[in-house]
Amino acid sequence: MELAPPFFLFRRLSVKKVLFLVAAVCLSVNAASATEEVLVKGEQTQVFKAQFLGALERMDEKKRKQFLSKENRVFKAVKNYYITKVALAKAKQSGLYETPKMQALIEKAVGDVVLQDMYQTYLEKELAKKKFIGLAEDYYKGNKEQYKTAPEVDASHILIDYKTRSKEEAQALAEKVRQQLVDGEDFVTLAKQYSNDPSVVNNQGRLGFFSKEKMVKSFSEAAFALKETGDISPVVETDFGLHIIRLEAIKDSGFIPFEQVQKKLVADLKKKEVVKINERFKAELLDSKNIEINREAIQSLVTPGRGD
């Protein structure tokens, strides 16, 4: 495998990513046996397949599979892993690895990786204890009013606007069209012939179901005043012009089925539970009964005004 110069790759890696790589190398260094397949071999070190895969164990299975599905991404990751091992080897030879600064950085990086792995295991274990679908159903039953739906009507309309005619002419035309509908003429034919609603080309004037709040007040009041399928409203005026409305169907108020809100309810409950689990995890690690905090020493680190 041909490797790019270390400086070329490291220019693209943030300090955080470099430290992550260092942590990954430190944690997986003993993962290979003498007979393990080698991915990269150099003068100073080598990368075993088991070591590299061990470093990827922090990803969940789905993300790991996605990561390994792209050849260029895998090659780049192996290169970076090798370069990190070379850097560590050189640092140990030069004594840089043993300096307090480097040890502190490595300890922090390794600690972060270990902490994340511990937390992920703890989180999965705690979440598995909860029956979220049952909890979601209980919440739904106890708060059912939140999922109540408003009554809706399905209506069609014909719009007569004022753009090319006076209000008097529009009123006369609207009354004429309404009477034709009352007399039993075909709604779709009249809508195509007279309606000034641009959408009539596609929907023949059919608006579909809507609640009272979705339309302007005068239009909604006229539509919801209709009682039987096929009823025709009086001519109604809005800012758009004059409307003749026909009732197509009525949908009474009801409740959104649990199945439609289950996914969101479960997600919301999990999100709240994760917050609690996170606090428990930190509390268990902190264990206030046994920890000693040197507040004076910590306060001595504070430099007021210098961070403004």
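**Terms and model**

I take two strands as paired if DSSP finds at least two bridges between them. I use helices (H or I, at least four residues) and strands (E, at least two) as DSSP runs, numbered from the N terminus. The model is predicted, so I note that local features need pLDDT of at least 70, that side-chain atom pairs count only at pLDDT 80 or more, and that totals for chains, interfaces and linings use all residues. Residues are numbered from 1 along each chain as its sequence is written, and side-chain values use heavy atoms, with hydrogens and water left out.

**Entry 1: the sheet**

I looked up the strand order and found an open sheet of 4 strands, S5-S4-S7-S6, with antiparallel pairing. Strand S5 (206-211) and strand S6 (236-238) are at the edges; each has a single partner strand, so one side of each lacks a neighbour in the sheet.

**Entry 2: pairs across S7**

I followed S4 to S7 and found them antiparallel, joined by 9 bridges. In this pair, His157 stands opposite Ile245 in S7.

I then turned to S6 and strand S7 (residues 241-251), which pair in the antiparallel sense over 3 bridges. S6 and S7 form a hairpin, with 2 residues between them. Opposite Gly241 in S7 stands Thr238, and opposite His243 in S7 stands Val236.

**Entry 3: H8 on the sheet**

I checked what H8 touches and found that it packs on the sheet, with contacts to strand S4 (152-160), S6 and S7. Contact here means heavy atoms within 4.5 Å. The direction of H8 makes about 30° with that of S7.

**Entry 4: H8 against H9**

I noted that helix H8 (residues 167-182) and helix H9 (residues 187-194) pack at about 165°, their axes 10 Å apart. H8 is therefore roughly antiparallel to H9, a term used for angles over 145 degrees. Their crossing is right-handed, meaning that the near helix is turned clockwise from the far one by less than a right angle.

I listed the residues in contact: Leu173, Lys176, Val177, Gln180 and Leu181 of H8, with Phe187, Leu190 and Tyr194 of H9. These divide into 6 nonpolar, 1 polar and 1 charged. I count Ala, Val, Leu, Ile, Met, Phe, Trp, Tyr, Cys and Pro as nonpolar, Asp, Glu, Lys and Arg as charged, and the others, Gly among them, as polar.

Notes:
Axes fitted to C-alpha atoms, helices over the stretch in contact; angles between N-to-C directions. Parallel < 35°, antiparallel > 145°, perpendicular 65-115°, else oblique.
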